[in-house]
Amino acid sequence: GGGGRVPCCAPGRLPAPQPPCFLPLAEVFLPEETHGAAPVDFLQQLPSYQSALRRRATAGGGTQERRAAPQGPAGLRAAAGLGPEEEEDQVAAPTARECPLSMAEKRRLRVNKQADVKHLSGGKQWRRTSSKSLKKVLSEVKEFSSYLKLWRHDIHSIEGKFGTGIQSYFSFLRFLVLLNFIIFILMFSFVTLPSIIAKYGMFNSSFAKIPPKNIEPHCTVYEPSGNKGLIYFYDYLKHLLSGTGFLEETSLFYGYYTIDATWISIVRYNVPLAYLLATFAYLALSLIWIISRSLEGFKQNLVHAEDQFQSYCNKVFAGWDFCITDPNAARLKHRSLRYELQTDLEEERLKRKIADRTTKEKLRIYSLRIFINVIVLAVLLGCFYSIYRATFFSQENSNGVSNMNFLVNLLVQYLPSIVITTANIVAPQIFSFLIRYEDYSPAFEIRMILCVFLRLASIGVLLFSLWSQISSCNTDMCKACGYNYELYPCWESQVGQEMYKLMIFDFIVILAVTLFVDFPRKLLVTHCSCKLLQWFGLKEFRISDNVLEIIYGQTICWIGTFFSPLLPAIATVKYFIIFYIKKVSLIHTQKPAARPFRASSSNFFFLLVLLIGLVLAFVPLGVSIAHIPSSKACGPFRNFNTSWAVVPHTILEFPKPLQQVLYGIASEAFAVPFFMVICLVMFYFIALARAHKRVAEQLKEQLAMVRFDPLFCTPKVFFVSVIRHAGKQQFS
């Protein structure tokens, strides 16, 4: 229809497929005074209303008015209802391409606009021309950048063969590659590069090494582990896999950065402060990026969380994925939709069953759930205790095993990683078996919750085990340092080595499972007619399990970047290779899951779990920065009690007025009013959201009445009644 007009039909009849008549927009949104409508100023401020008015002004008020309006600039302004003082708003009006008009009307509108430009002043003509050119350049740049997007063709091919569910996993993997690459650029630019430039004297630079101040001499002794003299090849391999030896002395780990400041020409660069601020920056960047990407998925999640009738309609009439071109993928999508409908029906059946349960049945099911939860809790505690004991054994015996026994030494060093990986594989199978007897709804993914908790909590148990050993001091010499200097002379580097080993071992496991489990299983199922093998079949590509794998690795990266600044570079390469491993595995050795995870069609679930991993990464990093004493033998914070102490030390170097401002911001006198203002703003937006939700509910009710009552087919009656009712709700 024309801009600013609403199609209508005669009252008492259902709309027929014929050319619609039109009502003026003002008559729809602004009820007549005789009806006694409540004020509707708040509706006039809605973006949809303002946009409709702009389209009406641009289009000249509708088809009939445009035809009746005189041609030329004056006619255009008269049809649009604009005076000379409103010409500035006309410049920002939508283009002819954006207007819902026929091609002939768009050509007429373009001619009128071109004629109107000739009567503008030189400055306005230049602004309009430059704005148009800028929009065209930005559009071309955006179109060109889409061709440079990483794995664009591969992801589109996967989407065409397997649908949007599996495609969302690979898009999520691409997001993590880009995120880790940006974090690597951040840490390398502000931490690693200045240290390298200063140490090698490039660009007329120099550095000041951190001298020990008020530190006991025995606390400053640090000799990186490594073989002296003749080194065998397997020693290099062991150091490469464990992060010890020659790698411990490189910029990969925390202990390399022992520079207090660098001078590039006359500019002084504070390395300890830059190290800490870069850590805060990559955490803040990750948080903002994840939240911004989650907003769209959150809106879609709210749309899908409607009543069951709408859910059925969406699946039946809008559930097909038109990106699918492969016949096998089409059959899979059929099964997926059928399974989702069956699941919805099963949920409805279970709701009725739960509502009809007797007291005896409720007592039985709750008792069974308590018993099963006790078993699950015992399994989790057993996993955590195994990780704790494995970490203690590895830290105490990694240096005691003979260096000539390469495999035993490597096994001892990787013992915590092996135990964590084993727990992540075995425990979910136990959970899947036990949950069958709890009689939960299919929508309640309790197994997924337990797997997320197990994977993320296992990292926390490992760090807790390390901290308990780092902080254990039984002698006066140890208490003088503040940490166990004998076992951990540079404890930050050794924590970084543990994170490095977890990441390397996680990649080795993913590669080994693909090569030595999935590929032989594919050969056996394809070329062997054994009924048992055919019953097992190919392994399913479970999206949720694969997502948990990479989120587990990303959480390790977030925690380990403070202790190993170049760890994001390793994570970038790792995820880059994993993309091709998973792609080959999906196409050649696995099959898509017949029962996909419910959130597989949206990235919201992935980003939500990733956000949980990021929030959990804040805890160990906060404890390491603000609570545990920093190493006195290595690192940029060797002269500070904790890593956070560099911030107040730097503030003391500021001018007195700036110090007072910063101390005032950090005081309770500023924090309490600021918190109250934030609460008021939050309550305002909550009230605004509730008002919008109430208006949306009224619109839904009116739409339901349109469906059942033909009298409400007339849009004027419909919109006037809705707005009058919404205005009463708003001002009541």
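Which residues does Leu610 touch, not counting residues up to four places away in sequence? I looked this up before anything else. The model is predicted. I found Leu610 touching Phe172, Phe175, Leu176, Ile290, Ile551, Gln554 and Trp558.

**Core.** I then checked the largest nonpolar core. That core has 117 residues. Phe170, Phe172, Tyr282, Phe431, Trp558 and Leu610 touch the most other members. Phe172 and Trp558 are also on my contact list for Leu610.

**Helix pair.** Next I looked at α22, residues 543-560, and α23, residues 567-589. Their axes are 10 Å apart, and the packing angle is about 170°. The cut-off for roughly antiparallel is over 145 degrees, so α22 runs roughly antiparallel to α23. I listed who makes the contact. From α22 come Asn546, Glu549, Ile550, Gly553, Gln554, Ile556, Cys557 and Gly560. From α23 come Leu567, Pro568, Ala571, Lys574, Tyr575 and Lys582. Sorted by class, the contact of α22 with α23 has seven nonpolar, four polar and three charged residues. Gln554 of α22 is in this contact, and Gln554 also touches Leu610.

**Leu502.** I moved on to helix α20, residues 491-527, where Leu502 lies. Is Leu502 buried or exposed? Its relative accessibility is 2%, so I count Leu502 as buried. Leaving aside neighbours within four places in sequence, Leu502 is in contact with Ser417, Ile420, Leu462, Tyr552 and Ile556. Ile420 is 82 residues away along the chain, yet the C-alpha atoms of Leu502 and Ile420 are separated by 8.9 Å.

**Cysteines.** How many disulfides does the structure hold? I found one. Cys490 and Cys634 form it, with their sulfur atoms 1.8 Å apart. The link is right-handed, with 90° about the S-S bond. Cys490 lies in the loop between α19 (476-481) and α20, and Cys634 in the loop between α24 (604-626) and α25 (646-651), so the pair ties together parts that are 144 residues apart in sequence. I checked burial too. Cys490 counts as buried at 1% relative accessibility. Cys634 counts as buried at 1% as well. I looked up two further cysteines. Cys383 is buried, with a relative accessible area of 12%. Cys679 is buried, with a relative accessible area of 17%.

Conventions: Residues numbered from 1 in each chain as written. Predicted model: local features only at pLDDT ≥ 70, side-chain atom pairs only at ≥ 80, totals over all residues. Heavy atoms only, no water. Axes fitted to C-alpha atoms, helices over the stretch in contact; angles between N-to-C directions. Helix = DSSP H or I, 4+ residues; strand = E, 2+ residues; numbered from the N terminus. Parallel < 35°, antiparallel > 145°, perpendicular 65-115°, else oblique. Contact = heavy atoms within 4.5 Å. Nonpolar A, V, L, I, M, F, W, Y, C, P; charged D, E, K, R; others polar. Core = buried A, V, L, I, M, F, W, Y, C linked by side-chain atoms within 4.5 Å. Buried < 20%, exposed > 50% of the residue type's maximum accessible area, 1.4 Å probe, protein only. Disulfide = S-S within 2.5 Å.
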